[in-house]
Each structure stands twice: as structure tokens, then as C-alpha cells.
Amino acid sequence: MICPRCDSKNVDLLTKAPVDDAWEVYICETCCFSWRSTESDDIKDPEKYDKRFKIDSSKISSLDKIPPIPELIKKKD
Amino acid sequence: MSYRDLREFLEVLEKENQLIRVKDEVMPEPDLSAIGRSAPDMENGPAVIVEKVKGYKNSVALNVHGSWQNHALMLGLPKDTPVKDQFFELDKKWSDYPIKPVWVENAPVKEVKITTDINLFDVLPLFRVNKYDGGFYISKALIVSKDPEDPDNFEKQNAGTYRIQVKGKDLVGIQPLPFHDIAVHLRKAEERNEPLPIAICLGNDPVLNFMSSTPIEYVQSEYDFAGALKGEPIELTKSEQGNLDIPARSEVILEGYIMPRERRIEGPFGEFPGSYSGARLQPEVKIHTITHRINPIFENLYLGMPWTEIDYLMALNTSLPLFRQLKRDFPEVVAVNAMYTHGIGVIISTKSRFGGYGKSVAMRLLSTPHGMPYSKIVIVVDEFVDPFNLEQVMWALTTRVRPDKDVVLIPNAPGMPLDPSSEPAGMHTKLIIDATTPVAPDKARDTELLDVPDKVDYWMNYLRNTMRKEGDK
């Protein structure tokens, strides 16, 4: 299986439905996108996922950090 | 108040014909999102309980705050109370701050306790709120955290609403924006490389969600304000870990900690200005304990193109602090309407002490903590114009504004990054429109306002009674 949003192969089964095996939820470990097996094809299919919302996995690490990580306080001896 | 928690408030709504039960089984997508979008668009905007969601055990509550009728009932007022009257009632209750909470044993939220094999999906019917959201979101949470430098200080404890993206069975992402209180707590924890304990409280007394989205001061307790709004103390209890004070009557509590000095991708997420906010690197929360009531209700909200539930929730709780801050220095101010797009648009009603006064009031608004970054368009109207009545405000714009002297632009001022028109993000040009009647030494053509005819009160009553009698036939 491939992530519909960033095309990564690093996809895991997140959970199955608590009742009736009604669906499964998958998650991409690269871009954290998650989706349910019962959602429409334009959510699940990498070819049909809207290009405006696709994510280039090589650019994830350069996204803004909110909030910024502060400097560590040095412990006094 | 005639309710103590979400369940009892839902009963109030049902009695007042402000609640719909969906008994048919629905799909998590796209049905829950579509229901959350539809309910506030209906006349009287009812809350909706969805009893059965495919694959899940528990029910979902949507649009609990999503109309002026529900908002009035939350404040203990008749459901047809006009917005301006709700504003003044809120102002009155506000003065009772603080009413301290009480701590109770055997809290309902502790009926069920889960500490092993945690799976959020077992308890919460999670769903995608908008189509291109990065995942399933918890949009209506009250999140409790303490100041790591002063953990015993009750007032510095914060209960705020921050968006939550589910990223695993026991893992969620959170958005602590730098100008919100939880970011202060997190900074102090991260400077020490310590985890920050938090409690994500779901399905609350509606007054608690109202306060958790109100911009009060850092050293003020949302619980003390919630008590003031209710006229009686909120019931609290202690979290299982982290010594946090949590509502005793919530439906579900997710306890966990923000992992220090780590950021992972979060978003995008459809936000209140009606557009998506992009993906960023944000902190994550490990959930170690869930406590909940038997048969918990998952309360969540839809947000998107205004107006949706969140616009009702953030309407008067944004207006009131601004009103109080203005009133302190400008006693002539009558009311402030900051309910459009979370205060990006504001209408102030004031009496003018002398010529140009309207502009001064607007400039004061633009130097308040919320108004400085958020407010972009400020309209000032006379004291007899109801700022919550847009027909009257349009009258003021069309009859009181001379664009050559009453319209002012202030370029390159602080802005709000979620406003998609701010360019660069977080900067914008302010627009002040002074729609007040000129007073000396300012000049205008002589005009005389029309009076209402004599006996209007008599005939209004007469006509109303006649209509009521016709309706009874």
C-alpha cells in the first residue's frame, strides 16, 4: 500500500473498527496522513488525491516549527 | 443553571426543541462532517446526537453551541434572547468572577478507567472534519496544563482549546500557538527537557468549552470564570497522573504528556476563516490513561466557511474582553461586536465625547492584546446603533460616512497569520471607518433624526397580541 498524500510506502494499519470489522484505518509514518478504508477514492488513491494537497516527503523536515523549540536551560551545580 | 454537565444540557436542548436525534446508522465519512455543516445552517441551529456510527460503539454530539438559541440556553436565558441582550447578561455574570470550584470524590468521569492497550478509536467515534484535513481531528477539547515553574498555582493552570490530530492508537498531535497560554507552559517544560502533563477533556458542561476558548489573562482561572457564568461552582476532580484539576462531569478524559523538544508534521486542517491552514511541524502527545463515563458521548465540532458552530462559540467570548478593555478608558463605549471571523472584523458602538472621538476608540481597540494582531476592519457607530444588528450598521455606513475624512488606512501593522489576506502572513493594513455623527468641533450638514410616532408601544403590543390569538385558532 502507498500513502495517497506523499506516495511513501511506509504505511501501517493503525486500527480496525471496534465493531463489526466495518473498516480499517491506515497511517503513513512519513507524513502522518491517515485514512479509512471506507472513504472515497479521491482520499485513498494516490493518483486521485488532489494535487494541491499532495506533500513532497523531502520537504517535510523544512516546514515551520510551531512553537519553536527553546534553548535548554543549563543546570546549576 | 438547570444543568450540571453536557448530558443535562442536552436534555435542556431537547426540551426546548433545540436537539435532533439521528437514529439511522451513519458512516463516519462523509456523514458526520455533513451533519456538522448542515445543523448551523438550519433555522434555530439545533444540536444533533448521532446515536449509531458504523464501526463504533459510542454516540456523537455535534453543533451543541451552534446557534444563538443554544447560546442563550447555555447562559440560562430564554432561547429567543437577542444577541445584544445575551452580551449584556454575560457582562453582568462576568463581574461575579471568581466563583471557586469544588473538588468531589467519585467523579462520574472516573466510572471507567483504561491504562493498558489504549486505543482512542475504542472510545471515540473519530472522523475527518474536512476533506483535505491530514487526519481525524478532535476540534472541541478543553486541555488542562500547569506552569512547570509554579505547579501549585491554581490560577496559572490553563484550560484552553487547541486542535488535536489523531496520529496513533495512543498518540495525538497538538497545536500550541506561541501567543496562547499552553505555549508558555510548554516552553518552560522544554527548556528543562521535561514532558508536560496534559489532560484532554471532552464532552463538557457547555460553559467550560465557552471559557476554554475565551482570551482571559494568564493568571486567571477558566474554572473560576465558568463558576461566575453559572452562579455556582464547577465540580472538579484530580487527574490520575500529573496532579491536574479536571472537570468531574466530563464525558471522556485523555491523560498524557507532550513529549519535549520533538516536532512532527501536523495538518493541514480546515480552519475558521473558511480556508485550510497548512501543514507544520508541531508537538505530539502520548496518551497513557483514559477515563470516561459509562456510554460516553463524543462531542466534536465542524468548522469551515462561516458561520459554523465555532463562530457562535467564539462570538461573545471574544467581544466581551474587548468591550471591558475599551470601557476602562472610554466610558462612552456602549457595546462591542467582535464576532466576525474571531474579531478580524469589529463594530463598536459609542457616544462621541468630542470631534474625532470615534477614531480614538478604534485606535484603542487596535492596541488591545487581541485587537492588535486580529482586528483588521474596525467600524465605529453611534451609541443608539446596535452593533449586533447589521441592518443598523449598514444604515450608519450609508448615512454617516464621508469617505474623504472618515475612512483611514494604517499600513504594515500587526496581523493574524490565519487570515488568508494577510501578506506577509501575520501583517496587514488596518481599516478604520468612523460611522458616528460628527460632534463639535467637527462639522456636518444639519440633520435631524426621525422620531418614532406616538403610541408605538401600544400598537406594537396590540399587533403582537392579535397575531398570537390568530395563531391559537
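I count a contact when heavy atoms lie within 4.5 Å. The model is predicted.

**Entry 1**

I started with B:Ser212. B:Ser212 sits in helix H7 of chain B, which covers residues 206–212. Is B:Ser212 buried or exposed? Buried means under 20% relative accessible area. The value for B:Ser212 is 7%, so B:Ser212 is buried. I then listed contacts, skipping neighbours within four places in sequence. B:Ser212 touches B:Ala141, B:Leu142, B:Ala159, B:Gly160, B:Thr161 and B:Glu222. I also checked where the side chain goes. The B:Ser212 side chain reaches the backbone oxygen of B:Asn209 at 3.2 Å.

**Entry 2: helix H8**

One contact from that list, B:Glu222, took me to H8 of chain B, residues 222–230. How many of the nine residues of H8(B) are buried? I find nine of nine, and the helix is mostly covered. Among them are B:Tyr223, B:Phe225, B:Gly227 and B:Lys230. I looked up what does the covering. The cover includes H4, H7, E7 and E8 of chain B, along with strand E12 (235–238) and strand E13 (245–247).

Next, the two ends of H8(B). At the start, a side-chain oxygen of B:Ser221 comes to within 3.0 Å of the backbone nitrogen of B:Tyr223. B:Gly231 follows the helix, and its phi is positive, near 75°.

**Entry 3: H8 against H4**

H4 of chain B spans residues 83–94. I fitted the pair. The axes of H4(B) and H8(B) come within 8 Å and cross at roughly 120°. The two helices are therefore oblique to each other. The crossing is right-handed. Which residues meet? From H4(B) I noted B:Leu90, B:Lys93 and B:Trp94; from H8(B), B:Phe225, B:Ala228 and B:Leu229. By class, this contact has five nonpolar residues, one charged and no polar.

**Entry 4: helix H6**

I turned to H6 of chain B, residues 181–191. This helix is mostly covered too, with nine of its eleven residues buried. B:Ile182, B:His185, B:Leu186 and B:Glu190 are among the buried ones. The cover includes strand E7 (142–145), strand E8 (158–160), strand E10 (171–174), strand E11 (196–202) and strand E14 (252–258) of chain B. Just past the helix, B:Asn193 has a positive phi of about 55°.

**Entry 5: backbone exceptions**

Most residues other than glycine have a negative phi, and most peptide bonds are trans. I searched for departures from that.

In chain B I found a cis bond from B:Glu29 to B:Pro30, with omega near -5°. B:Pro30 belongs to helix H2, residues 28–38. Another cis bond joins B:Tyr97 and B:Pro98, with omega about 0°. B:Pro98 lies in the loop between H4 and strand E4 (102–103) of chain B.

In chain A I looked at positive phi. A:Asp21 has a phi of about 50° and is not a glycine. It lies in the loop between strand E1 (11–16) and strand E2 (24–28). A:Cys32 has a positive phi of about 65°, and is not a glycine either. A:Cys32 is in the loop between E2 and strand E3 (34–36).

Which of these is buried, and which exposed? A:Asp21 is exposed, because its relative accessible area is 60%. A:Cys32 is buried, because its relative accessible area is 1%.

Conventions. Residues are numbered from 1 along each chain as its sequence is written. Chains are lettered from A and ligands numbered from 1 in the order in which they are written. This is a predicted model: local features need pLDDT of at least 70, side-chain atom pairs count only at pLDDT 80 or more; totals for chains, interfaces and linings use all residues. Side-chain values use heavy atoms; hydrogens and water are left out. Axes are lines fitted to C-alpha atoms, for helices over the stretch in contact, and angles run from 0 to 180 degrees between N-to-C directions. Helices (H or I, at least four residues) and strands (E, at least two) are DSSP runs, numbered from the N terminus. Angles under 35 degrees count as roughly parallel, over 145 as roughly antiparallel, 65 to 115 as roughly perpendicular and the rest as oblique. A crossing is left-handed if the near helix is turned anticlockwise from the far one by less than a right angle, and right-handed if clockwise. Ala, Val, Leu, Ile, Met, Phe, Trp, Tyr, Cys and Pro count as nonpolar, Asp, Glu, Lys and Arg as charged, and the others, Gly among them, as polar. Buried means under 20% relative accessible area, exposed over 50%, partly exposed in between (1.4 Å probe, protein chains only). A polar contact is a pair of N or O atoms within 3.5 Å; within protein, one must be able to donate a hydrogen and the other to accept it, and residues adjacent in sequence count only if both atoms are side-chain atoms.
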